[in-house]
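Subject: Structure handover

Hello,

The structure is below, followed by notes on what was found in it.

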2 protein chains.
Amino acid sequence: MGTKIDTSPARGTRDVLPDEVELRDQARDVILATYRRFGYAHIETPALESMALLAGSQGGENAKLIYRILKRGKKLVLDKPGLTEDDVSDLGLRYDLTVPLARYYAQNHSQLPQPFKAIQVGSVWRAERPQKGRYRQFTQVDIDVLGEPGIVAEVDLLTATTAALSDLGLADFAVRINDRRILSALATTCGFDPSAHEAVFVALDKRDKVGWDGVATELVAAGHSADAVLALGARLDAMMSPDGGMQSDAGVDAGGAFATVAAIAATVAGQLGTTARVIFDPTLVRGMGYYTGTIFEIGVEGLPYSIAGGGRYDRMIGAMLGKDVPACGFSIGFERLILLLAERRQSGAQAPVARAGRVALLCPADGGGLPAAMQRAGELRHEGYRVSVLSARKKLGKQLSELEQHGFDGFVSLETGELRFFDEQGPGSGPDL
Amino acid sequence: MGTKIDTSPARGTRDVLPDEVELRDQARDVILATYRRFGYAHIETPALESMALLAGSQGGENAKLIYRILKRGKKLVLDKPGLTEDDVSDLGLRYDLTVPLARYYAQNHSQLPQPFKAIQVGSVWRAERPQKGRYRQFTQVDIDVLGEPGIVAEVDLLTATTAALSDLGLADFAVRINDRRILSALATTCGFDPSAHEAVFVALDKRDKVGWDGVATELVAAGHSADAVLALGARLDAMMSPDGGMQSDAGVDAGGAFATVAAIAATVAGQLGTTARVIFDPTLVRGMGYYTGTIFEIGVEGLPYSIAGGGRYDRMIGAMLGKDVPACGFSIGFERLILLLAERRQSGAQAPVARAGRVALLCPADGGGLPAAMQRAGELRHEGYRVSVLSARKKLGKQLSELEQHGFDGFVSLETGELRFFDEQGPGSGPDL
C-alpha cells in the first residue's frame, strides 16, 4: 500500500456530491424537455478544438483563458531553443459553446434543417483566478437559432428560456434587452470617436457595480471628452423610464434597432406571467466581441448577476464558412442556476427535490440469502422504490442510524420481508410511480 | 468576412448529429433511471486530474495515452534547455472514470454512505491512433460499489447492468465471469514462473481473435516452456464445459475463487430471462493492472467485442487513502452500445426511437403575426408536440418538402391555424403525453 497522496480535485475544479448531482440532473432534464418542445435539437461537439479556431474567434477576455493541450509523440519537440506555446500545443479545451457551434454548423450544415435550432449542454473550461463560486470547469446550457435573420429568432430564444425557467419553478425574473447598434449610434451621437467605442462600452458595463457616477469618473479620467460623457449620461437617463418601458431617442439613428427591440420586448412580454418583466436597458453591454445586434440577459430578483445571456452574432459563421449566416443564441449559466435553485429549496421558497423513496435491503454478510434478497428488491423497485441491497453489519442499530443520516427512508428486514420507514409517518417522498 | 477555414472536428474526435444525440439521451436516461432504482447515486468529477494521480494508477496501456495540459502563466517556462513533459505540464485529461472515482472517494468518503454505490456518466480522452469506430473522446457509464468485500457487490453490479440492458430492449446477451486469482493459480500450477504471468495473460487475452493455437504458438515462440503451455491448454479445456457451466479444477488452488465465481454466476443467472446466459470463462483476462479478484464482461450475440466490463480492484483506493477499501466496478462502453442500438433500430430488430411529433408553425418573415403564432405554438406544445415557430419562405412548397425531409411530421398554417401532417395517416410518432 502506498502512502497517502493528495486527493483534492485539481485547483479551481470541484467534486460534486450526490444530492447536488440529483438536482443538476433534474434541472437539466426540465430544460432539455422544454427546449425540445420548442423544436430545438440537442447536439454534441468535442471538448477539444484547434487553437487556430479558438484563438481567432473574438471571444474577448475568455480567449485568453484557454487550457492548451500538449502535443504528443513525434510532434512534440522540447529540446529546441526559443520555443513558443504554439510550438508545443495545437489544441485547446473550449471556453464556450458558441465557437464550437459555429464550427459544427459550418462543417455539417448540409445535413441540418434551415434554420437550424440547436441545444447544447456541456462543460467549458477557463483558467480563471480561483475565487468563491467560480470554477475552472463549469456547465453551460445554450440554445441557438442559425439561419434566421428576423426577430422570430430572438422571440423564440427568449420565450423558450423563460418557459424553461418557469418550468423550474422560477417566476420573479426580469428580461433586459438592448442592441449593439443602439450602443454604437449613441456613442457616435454623443461625440465619442469610433475607436473609443469599445472602451466606452467596457466602462458602461460596470454601471451595475459602480453606478453612473463611477462610469463617468472612469471615462473622464481615461481622457474622454467630458462633454461627450455628460451627453451620454443625459441621453441614457432619458431613454430609461422608471417602469422599464421603451423610450427611443429620436436623435440617435440606430438603423431600426429601436423598433426591433420594441417589437421583441412587446412580443415576449405578451408570453410572460405577471411576475416576470421585460425591460429595455440601453446600458446593457455584454462582453463578447462577436455580437452584432440585439443582446439580452435574464436576471432574478435579488441576485446581483444574470443567470442567462445572449445575443445576435451574424458574422461569426461567415468567418468560418465563407458566407454569412445570421445567428442568435442564448446561454444559461447552469452553475448559477443550480446555486439559486439549491438556495431556494433550502430556504423553503421552493419545493424540495422530488425523489423516490430510498430503501435499504439488508442481507447476511456471507452472501447467504442473496437470491431471495434480489427477488424482494426487484419487487420493491417495481413498486417504484430505489432499493440498495446491502450486507448487514453486526451492529445493526448503528448501521440503520447511518442509513437514515445518509438519506435512506427505510429498510427491509430479510427475516420478515417487511418494509419499515425510519419516520413513522412514512417516507418524505413516495415511490416513483 | 474571413476566408474559409478548416472546420472539421479535431483529429480523432467527431461531431454528433441530432438524431444520434436523441438516441444517446434516451439510452442515458434509461440507464440512469435503472441504476437509481438499484440505489446507486450519480456523482460528477472534473475532467482534469493531476498527472501524479493519473500516471501512478496502474492503468496499463491507457495511462500512456493521456492528453496533458500545458502549464499557464509564470508556471510555464519554455526557454530552458533539457525540458521534460513534466516541466511543462502537471494536469491531464482523465482516461477512464475509475481513477477519478477512487480519488473522489478518498477525498469525500466522510460525507458518503458506507458502502458507497456510485454512478458516473462522462467523457474520457485517450490519444489512440485514429481508426474506424474508435474515437479520442468517448463516453463511459460506470457503476461502482466501494466498501463492500462480499459477492453482494458483484451480484448487484451484474444484476443492475443486465437490468439496464434489458430496459433498453436487449435480451440476447451473455455474462462471462472469471477471477484474477484463478488465472494466477492456473499459471502457477502449469509451471509458469510468477514473473511470466502477466505475459501469459496478455497472450491469453487474444484467444478470441487468434484461437488457442495462436496463443500457444505465441507463448512457445516467446520462450515459455512448451510443457507449461500444453498443461495450460489442457486445464483450460477441462474447465470449459460446452454449455458454459462451471467446472472447477481441483488441482488448482485459487483460494476460494472457484466457489466465489460459482456463487455469483448462480445468483445472477437466477435473475435473468431465458435468452441471456451466464458463463464461467477461465480465458477472460481484461487489460487493467489494477484488478485483484473477480472480472466480468457482457457481450451480445453476434458482436465481436464486449459492451460492458469490470471487476474487483481492492487495492487502488488504499494507495490513495492510506487504508484499503474493497471496491468493485462495471463500465458500459456507451459508444458501442449506441452503435448497436442504432443498427438494431435501423434493421427493424428493435423499435425505432420513440419521440414526440415535430411540427413547424410558419409565420410571415417580417415578424407580423408573431404574437398569434407564439400563442398557437403554446397550445400545440401543451398537447405534447414539439413545435418550431419559423419564418415562412416565399417558396412554400420547397420549404415544406425540406421540413419533411428533415424529420418534421407536419406544419400549421397560420391562416387557418390547422395542424396538417405530411403523411395523411398522421405522424409516425404521436405527441408526448
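Over all chains the structure holds 14 aromatic pairs; rings of Phe, Tyr and Trp (its six-membered ring) pair if their centres lie within 6.5 Å, and planes under 30 degrees apart count as stacked, over 60 as edge-to-face and the rest as tilted. B:Tyr290 and B:Tyr291 make an edge-to-face pair, with 5.2 Å centre to centre and 65 degrees between the planes. Both B:Tyr290 and B:Tyr291 are buried (buried means under 20% relative accessible area, exposed over 50%, partly exposed in between, with a 1.4 Å probe and protein chains only). In chain A, one aromatic cluster is formed by A:Tyr290, A:Tyr291 and A:Tyr313.

Conventions: this is a predicted model, in which local features need pLDDT of at least 70, side-chain atom pairs count only at pLDDT 80 or more, and totals for chains, interfaces and linings use all residues. Residues are numbered from 1 along each chain as its sequence is written, chains are lettered from A and ligands numbered from 1 in the order in which they are written, and side-chain values use heavy atoms, with hydrogens and water left out.

Relation of the chains

Two copies of a chain are related by a rotation about an axis and a shift along it. Here chain B is superposed on chain A by a rotation of 180 degrees with 0.0 Å of shift along its axis, at an RMSD of 0.1 Å. That is the relation of a two-fold axis. The C-alpha of chain B nearest the axis belongs to B:Ile69, 2.3 Å from it. Copies are superposed by least squares on the C-alpha atoms of residues with pLDDT of at least 70 in both. The copies meet through the same surface, because 100% of the interface residues of chain B are also interface residues in chain A.

The eight-stranded sheet

Helices (H or I, at least four residues) and strands (E, at least two) are DSSP runs, numbered from the N terminus, and two strands pair if DSSP finds at least two bridges between them. In chain A, eight strands form an open sheet in the order 1-5-6-11-10-9-7-8, with mixed pairing. Its edges are strand 1 (41–42) and strand 8 (277–280) of chain A, each with a single partner strand, so one side of each is left without a neighbour in the sheet. Strand 5 (residues 116–125) and strand 6 (residues 137–146) of chain A run antiparallel and are joined by ten bridges, with A:Ile119 and A:Ile143 as bridge partners.

Strand 7 (residues 173–179) of chain B pairs with strand 9 of chain B in the antiparallel sense over seven bridges, and B:Ile177 stands opposite B:Phe296. Six of the seven residues of strand 9 of chain B are buried. Strand 9 (residues 294–300) also runs antiparallel to strand 10 of chain B, through five bridges. Along this pairing B:Glu297 is opposite B:Gly309, and B:Gly299 has B:Ser306 as bridge partner. The hairpin of strands 9 and 10 of chain B has five residues between the strands, and B:Gly302 takes a positive phi near 90 degrees in it.

Why is strand 10 (residues 306–312) of chain B largely enclosed by the rest of the structure? Seven of its seven residues are buried. Strand 10 of chain B also pairs with strand 11 (residues 327–333) of chain B, antiparallel and over five bridges, and B:Gly311 has B:Gly329 as bridge partner there.

A buried aspartate

A:Asp179 is in strand 7 (residues 173–179) of chain A and has a relative accessible area of 0%, so it is buried. A polar atom of the A:Asp179 side chain lies 3.4 Å from the backbone nitrogen of A:Thr294. Leaving aside neighbours within four places in sequence, A:Asp179 is in contact (heavy atoms within 4.5 Å) with A:Ala257, A:Val261, A:Gly293, A:Thr294 and A:Ile295.

The four-stranded sheet

In chain B, four strands form an open sheet with mixed pairing, in the order 13-12-14-15. Strand 13 (386–391) and strand 15 (419–421) of chain B are the edge strands. Strand 12 (residues 358–363) and strand 14 (residues 410–413) of chain B run parallel, joined by four bridges, and B:Leu362 stands opposite B:Ser413.

Regards

Technical notes: Polar contact = N/O pair within 3.5 Å; in protein donor to acceptor, adjacent residues only side chain to side chain.
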